[in-house]
Amino acid sequence: MAMITADPKDVPHVEHFAFTPENLVKAQGWISHYPAGRQASAVIAVLDLAQRQQGWLPRVAMDAVAKLLDMAPIRVYEIATFYTMFQLKPRGKYLLQVCTTTPCWLRGSEAVMKACQHAADGETFSVQEVECLGGCVNAPVVQINDDFYEDLDETSINKVLDAFRRGETPKPGPQVNRQTSAPIGGATTLRSE
Ligand code: FES
């Protein structure tokens, strides 16, 4: 995972953060998965809840997570700045996380990244380079919010982005004619009963 930081000039001041009652119940649910005294193990799930509530992770949200989990704030900051899933500044409506690790790079992620960078306006789309998303068999891959778009090239990523611009949600998964990660061209084994 890449270390990410946010330039302080891009980070708006947020005065206060408190979990909604509904999210507080969810956070307690995550905490209950771990033995007493080990509540810090829920930190990633609880940070994710805070991020989903706020849209990104201001420092006050990290502080609220630290307090809830009885952790030193610095330990929460360390986690939030390490994992690329956490956004330390506001992002566009759709976050384009473009994988550029070797398998995706060999399969054309540079063109996909260029298309995403071209689309990124900070409001509808934000773009971020990430390490392997774990979908290499369908490289190149872009994670858009919670979904993976796979087997991309310049044309297909532009089609996906255009669909989002129109307010549609394009179908996640392979953007070529194959079932999940099965071979392109159909089954090559287990072809008969
Ligand atoms: S290298 Fe891109 S998903 Fe693994």
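The legends below describe close-up views of a predicted model.

**View 1. Two domains in one chain.** The chain is divided into two parts: domain 1 covers residues 13-82, and domain 2 covers residues 94-174. How far apart are the C-alpha centres of domain 1 and domain 2? They lie 28 Å apart.

**View 2. A cis peptide bond at Pro140.** Look for the bond that joins Ala139 and Pro140. This peptide bond is cis, with omega at about -5 degrees. Where is Pro140? Pro140 sits in the loop between strand 2 and strand 3. Strand 2 spans 125-130, and strand 3 spans 142-144.

**View 3. Asn145 and its positive phi.** Asn145 is a residue other than glycine, and its phi is positive, near 50 degrees. The loop between strand 3 and strand 4 holds Asn145. Strand 4 runs over 147-150. Why does Asn145 count as partly exposed? Asn145 has 13 C-beta neighbours inside 10 Å, so it counts as partly exposed. The exposed class takes 12 or fewer such neighbours, and the buried class takes 20 or more.

**View 4. Leu190 and its positive phi.** Here again the residue is other than glycine. Phi of Leu190 is positive, near 50 degrees. Leu190 lies in the segment after strand 5, which spans 173-174. Is Leu190 buried or exposed? Leu190 is exposed, because 6 other C-beta atoms lie within 10 Å, and a residue with 12 or fewer counts as exposed.

Technical notes. Residues are numbered from 1 along each chain as its sequence is written. This is a predicted model: local features need pLDDT of at least 70, side-chain atom pairs count only at pLDDT 80 or more; totals for chains, interfaces and linings use all residues. Domain bounds come from an automatic or database domain assignment. Helices (H or I, at least four residues) and strands (E, at least two) are DSSP runs, numbered from the N terminus.
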